[in-house]
Amino acid sequence: MYLGIVKGTLVAERKTSGLEGKKLLLVQPVDEHGAPTGDIQAAVDTVQAGVGDLVYLVGSREAALACDPTFVPVDAAIVGIVDGIDVDRPARAEGRTP
Amino acid sequence: MKCCRVVGPMWAAVKHPAYVGRSLFVVQPLDERGLDAGTSFVAIDHVQAGVGDKVLVLTEGNGVRQILAMGDGVPIRSIIVGIVDHVETGQP
């Protein structure tokens with residue numbers, strides 16, 4: 001699992017079967033300080049996250065297991081909205097007062 | 001599996017039901033000398049690890065499902081499965 005910050009919403013009208021009704025968000029993976037750690041990616045949202053939220057995601061096959069039904073073609077899923085990390089200079093949600 | 005250092009706990013109120021009641025840690029992979037190597041990630045704890053501990057982290061979902069014995073639908077991929085006492089490299 002890894003941390004990410006939601007950067008935007010992705011809308012796709014035509015999708016492969018199984019992805020209908022799934023909310024897709026663009027997420028920038030970050031480390032515990034909020035520094036980007038890789039390329040931005042699209043992820044299925046299972047927790048009603050919004051733009052600016054600090055979230056954690058699960059990748060690979062386990063991303064599909066977070067969905068209902070579980071046999072869907074996804075490789076990243078948001079499975080939690082992070083409230084806090086106990087480190088120096090922790091990553092924070094964007095665009096919100098702490 | 002990866003040898004990691006526990007960086008710090010994190011918490012989340014809104015989460016997938018499979019994560020309810022589990023402690024989450026940010027962990028940092030280490031190389032054979034104990035230096036940071038690669039990008040930190042999130043793991044659940046299965047051995048009551050603490051901040052600063054050197055730990056063994058399983059990063060494969062099928063093993064996680066066997067450990068947790070919660071059925072086939074658990075969307076968890078990394079779990080702390082051991083606390084490392086020491087690493088020998090044969091080098092001073």
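This is a predicted model: local features need pLDDT of at least 70, side-chain atom pairs count only at pLDDT 80 or more; totals for chains, interfaces and linings use all residues.
Student: Where does R89(A) lie, given its positive phi of about 50°?

Tutor: R89(A) is not a glycine, although its phi is positive at about 50°. With 10 C-beta neighbours inside 10 Å, R89(A) counts as exposed. As for its place in the chain, R89(A) lies in the segment after β6 of chain A.

Student: Which residues does the cis peptide bond join, and in which loop is the proline found?

Tutor: The cis peptide bond, with omega about 0°, joins D68(A) and P69(A). The place of P69(A) in chain A is the loop between α1 and β5.

Student: Why is chain A described as being as compact as a globular protein of its length?

Tutor: Chain A has 1 helix and 6 strands, which follow the pattern β-β-β-β-α-β-β when they are read along the sequence. For 98 residues the globule rule gives 13 Å, and chain A is as compact as a globular protein of that length because its radius of gyration is close to that value, at 13 Å.

Student: What percentage of the residues of chain A count as buried?

Tutor: The C-alpha atoms of chain A fill a box of roughly 45 × 25 × 20 Å, taken along the principal axes. Among the contacts in chain A with a separation of 6 or more, 56% come from residues 24 or more positions apart. Of the 98 residues of the chain, the share that counts as buried is 41%.

Student: How many nonpolar residues are on the side of chain A that touches chain B?

Tutor: The contact takes 28 residues from chain A and 24 residues from chain B. Elements that give two or more residues to the chain A side include β1 (2-10), β4 (54-59) and β5 (76-81). By class, this side of chain A has 7 polar and 6 charged residues, while its nonpolar residues number 15.

Student: Which residue of chain B does I81(A) stand opposite?

Tutor: β5(A) pairs with strand β2 (residues 14-15) of chain B in the antiparallel sense, over 2 bridges. The residue of β2(B) that stands opposite I81(A) is V14(B).

Methods
Residues are numbered from 1 along each chain as its sequence is written. Chains are lettered from A and ligands numbered from 1 in the order in which they are written. Two residues are in contact if their C-beta atoms, placed from the backbone, lie within 7 Å. Helices (H or I, at least four residues) and strands (E, at least two) are DSSP runs, numbered from the N terminus. Ala, Val, Leu, Ile, Met, Phe, Trp, Tyr, Cys and Pro count as nonpolar, Asp, Glu, Lys and Arg as charged, and the others, Gly among them, as polar. Two strands pair if DSSP finds at least two bridges between them. The radius of gyration is taken over C-alpha atoms; the globule rule is 2.2 Å times the number of residues to the power 0.38. A residue is buried if 20 or more other C-beta atoms lie within 10 Å of its own, exposed if 12 or fewer, and partly exposed in between; C-beta atoms are placed from the backbone.
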